Amino acid sequence: MRGQMIATAVVMACGLAMMIMARSLILSLEKTQEEYYARHRFADVFADLKRAPNALRARLAKIPGVAAVETRVVGNVTLELPGQREPADGLIHSLPEGRALQLHQLYLRRGRLPEAGSRGEVVVGEAFAQAHGFQPGHTIDGVIHGARQRLKIVGIALSPEFVFEARPGDTLPDNKRFGVFWMNERELAVAFELDGAFNNVLIDLAPGGVPRSVMAEVDRLLLPYGGLVAYGRRDHPSASRLEDEIRILGSISVAFPAVFLTIAAFMSSAVLSRLIRLQREQIAQLKAFGYSSRAVGVHYLKFAVVIVAGATLLGGTAGTLLGTAVVQVYHRFFKFPELFFHPHWAMIGVAFVVSALAAFAGVIGAVREAVRLPPAEAMRPEPPARYRVSLLERLGLSHLVSTSFRMALRNIERRPWQSAFTAFGLALATGIPIVPGAMRDGIGHLLSAQWDRAERQDVTIALREPGSATALAEMRSLPGVQLAEPFRSVPVRLRFEHRSRRLVVTGLPADAYLKQLLDASERAVALPPEGLLISAKLAEVLGAKPGDKLLVEVQEGRRPQLEVTLQATLTDYSGLLAYMEVGALRRLMREGETVSGAFLTVDHAHWDQFLAAVRIAPRIAALSIKNSVRKSFQTTTADMIGMITNIYFGFAFIVSFGVVYNSARIALSERNRELATLRVVGFTQREVAGVLLSELAVLTVIALPFGLVIGSQMAAGIIHTASTEAVRLPLVLTPATFAMAVVVVLVSSTFSFALVSRRIQHLDLVGVLKALD
Amino acid sequence: MQTGAIDASPPARADGAGAGEPLFRARDLTKVYASGAGEVRALDGIDLDLFGGEFVVLLGASGSGKSTLLNILGGLDIPNSGTLQYRDLDLTGADEAELTAYRRDSVGFVFQFYNLIPSLTSRENVELITDISRDPMTPEAALELVDLSDRLDHFPSQLSGGEQQRVAIARAIAKRPEVLLCDEPTGALDVRTGIHVLEAIERVNRELGTLTVVITHNAIIADMADRVIQLSDGHIIDTQRNPTRRAASTLAW
């Protein structure tokens, strides 16, 4: 009885642990985010522009609904790092001199801010500094706007703008190759030829400020200064990633625990109804002594309370420990001054109540049955169990099955609900390990689809400013370049009906070879001469389908607007992307052979010369090397997937162990007399174990295929939930994943059964000769 | 608590009825159970020989030690001291595997509460044993012997108590054991049904020549036996040989 109560409590604790972990993580992230954003004044509205005089700042501040304005100079910096062949790049931001930042205030981890009037002093973002082991006092060589400069690190800092410190648009952080920096405003403005001007605006809304109207006014003011359209937190690369994560946690914190708690409720029901059947006589005596049915019922509900209290304690502890471990993983992705794990105490209380209700629901049926018996009847032994021939035999297949198998089938049919829940529990346990398996294979598929088939380049070069045919010729002539295909990227707002998204439309040659676009079945598709191809996710977000006309609002230059037909949707796994044939895009922009960058393949014999030439090329803003990106993606996700896999395998093991343990213990107790009789008439311990095992084996065989289906559905559900605008995973289910799930369940069930079957040694052979159940 | 069991008891040596070697040879069997603060000497120096084909009734009140003796004879329990030989097998020193093999091949058990497998029909209950026996009769033949040919495919819940007990007898004898041990076989039955069951046991003893040991507290059943052994406080206090065995059908209580 104690073992079974523990097994039930442990399964219940799994659900609670998951619920408490997820809710506590949500609480931790939300609380930390909220405090951080408030204390360091994260802006509500953001806008980039080419160049506006500082005088414009006062006009921006007067827009109704604006509480504070910060204007900055922001630009790219290319870095040469000792010991790293490939160049890194970053975003460098201005720090006002003689006053503190109004918005996006830095949290200085170490060191100090640049001194007023100093030259070459920078503050560097913590993630990049950690990745390279930089400390205040170190220097880095950088190229700012074509000018090489030695940068002296004086401080290491965090900003609410870079909680997710990654290159805007990147799926995962690559802290070795991307960093953020801050430098004195005057020095930076001079470097970017923006003295007395700014190219970036941050706005904090006053309470009651309407974002939409503020953004419209900002757009109007910035239009003459080459402004890109203003956007809010929803479109902010770091803020939206954090929001996505919180949303994913939110859905995990409900669905999974619900399943565990359901199984635990049935387990506690099975355990307690067995206990009640064994205690029929005592119940009758209590009632004969004058105890009310209610008092008897309350007595048995106390068992449920013990189970639930144990489960809550265990689940709370495990959830807190898991959460503390997962917070460590979050530290890699999300940079806060402090990210503590805050246990969600209220949620632990809710968990107790939820699981108590689940257990009570399970117990109440059995208690009701017990107290309904008139005392006199309950004091008589239970009537002999009624059996009938099983379905398989009625179908005329009895000759196929052995006697002990027949017993198993008939027992299963006699208690269909109990059997169904055992099978359901086992099916669930089979399903659980499929989730991490599918994630691992999904990532494998993503890597090969994205980086072997869709992207065939070695290197992607982004130009500082859109260039002409000459720029393309320059890139072609870099040492070692074998193939160069230009692309044009234009920031736009894509609108359909009332929904819209800020993104970049990429123009590619119709016969592009290095960048392939994949359709729903991942076959390469050619770009049509007119119209848009967009990510399937983007079509979903916009609610648009092929044939619909989308409004393209260009965010730069003269900001032309045009309706373009959505031709087809594409399969891709990160970001919201849109493509047009480059000629069509240029016609839309009314421009010549403009290029924004190029995809290149490079002869590896000339790799070093290539990198050296890129380093000094003034037009090149950023260089992305496919293999480096892929490697960094793999190492970052590998840890996370490893951890998820361990957690899920652990849960699968516990559930199948618990379910088998309880079923076997209940069967052993219910069939104690039968099994002991078999021992008396000469069955060996092994043969008796076989009889006991047959039933569980049949249920397991029934459960496994259902488990594979349930697991596939769970994996699909989780992958769908975790599929955000930033990252998506394909659902990939392989035989290896299914095999692993089956192995996990078989191993833990066998282990559990072996533990129970040891009790067969202790069957009371003498007792059965006399005792009547 | 008695001491000096052998000397204190009346002529306890029970001589065999038949000729030749006994099937069982028990000498100075003692079994002590811990009970609460003290201990209970359930068997206290039993000497006993049992021969093939015999019908033996063990009589005694509750707590006399008759069940303990039956359990030890059946290989379900081990004495604390003394020796017990079944043919060449030393049952006092046998390990778990030897005892299991002994029960499987040589002993048939009939219990007071039948102990049928509720999920199996009459035929299957017998089949369960014939499947693991070396030289069994068919389940149908065994059930024919207890007059249940018309109940082959009934489940225990569909049978009366007497019918269930007769299935139990069929199950016990289907493997053609040398020994049939019956523990209060009529204890849960009314007179008429009980007699029907005793007839079945009598027939097995007669037709198969199985050594049959029946324990009961019902002295009337003793009239069926070749030999009646009476136990009290762990001692054999009396052994009687019936000149003639009464047929079960003539009994009444």
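In this predicted model, chain B holds an open sheet of four strands in the order 2-1-4-5 with antiparallel pairing; two strands pair if DSSP finds at least two bridges between them. Strands (E, at least two residues) and helices (H or I, at least four) are DSSP runs numbered from the N terminus. The edges of the sheet are strand 2 (38-50) and strand 5 (89-90) of chain B, each of which pairs on one side only. Strand 5 of chain B joins strand 4 (residues 81-86) of chain B in the antiparallel sense over two bridges, and B:Gln85 stands opposite B:Asp90.

Residues are numbered from 1 along each chain as its sequence is written, and chains are lettered from A and ligands numbered from 1 in the order in which they are written. Because the model is predicted, local features need pLDDT of at least 70 and side-chain atom pairs count only at pLDDT 80 or more, whereas totals for chains, interfaces and linings use all residues.

In chain A, helix 6 (residues 237-278) and helix 19 (residues 626-670) pack at an angle of about 15°, with their axes 10 Å apart; axes are lines fitted to C-alpha atoms over the stretch in contact, and angles run from 0 to 180 degrees between N-to-C directions. The two helices of chain A are therefore roughly parallel (angles under 35 degrees).

Residues are in contact if their C-beta atoms, placed from the backbone, lie within 7 Å. By this criterion, 22 residues of chain A touch 25 residues of chain B. The classes of two contact surfaces are tabulated below.

| Surface | Nonpolar | Polar | Charged |
|---|---|---|---|
| Helix 6 with helix 19, chain A | seven residues | three residues | two residues |

Ala, Val, Leu, Ile, Met, Phe, Trp, Tyr, Cys and Pro count as nonpolar, Asp, Glu, Lys and Arg as charged, and the others, Gly among them, as polar.

How values were computed: Angles under 35 degrees count as roughly parallel, over 145 as roughly antiparallel, 65 to 115 as roughly perpendicular and the rest as oblique. Two residues are in contact if their C-beta atoms, placed from the backbone, lie within 7 Å.
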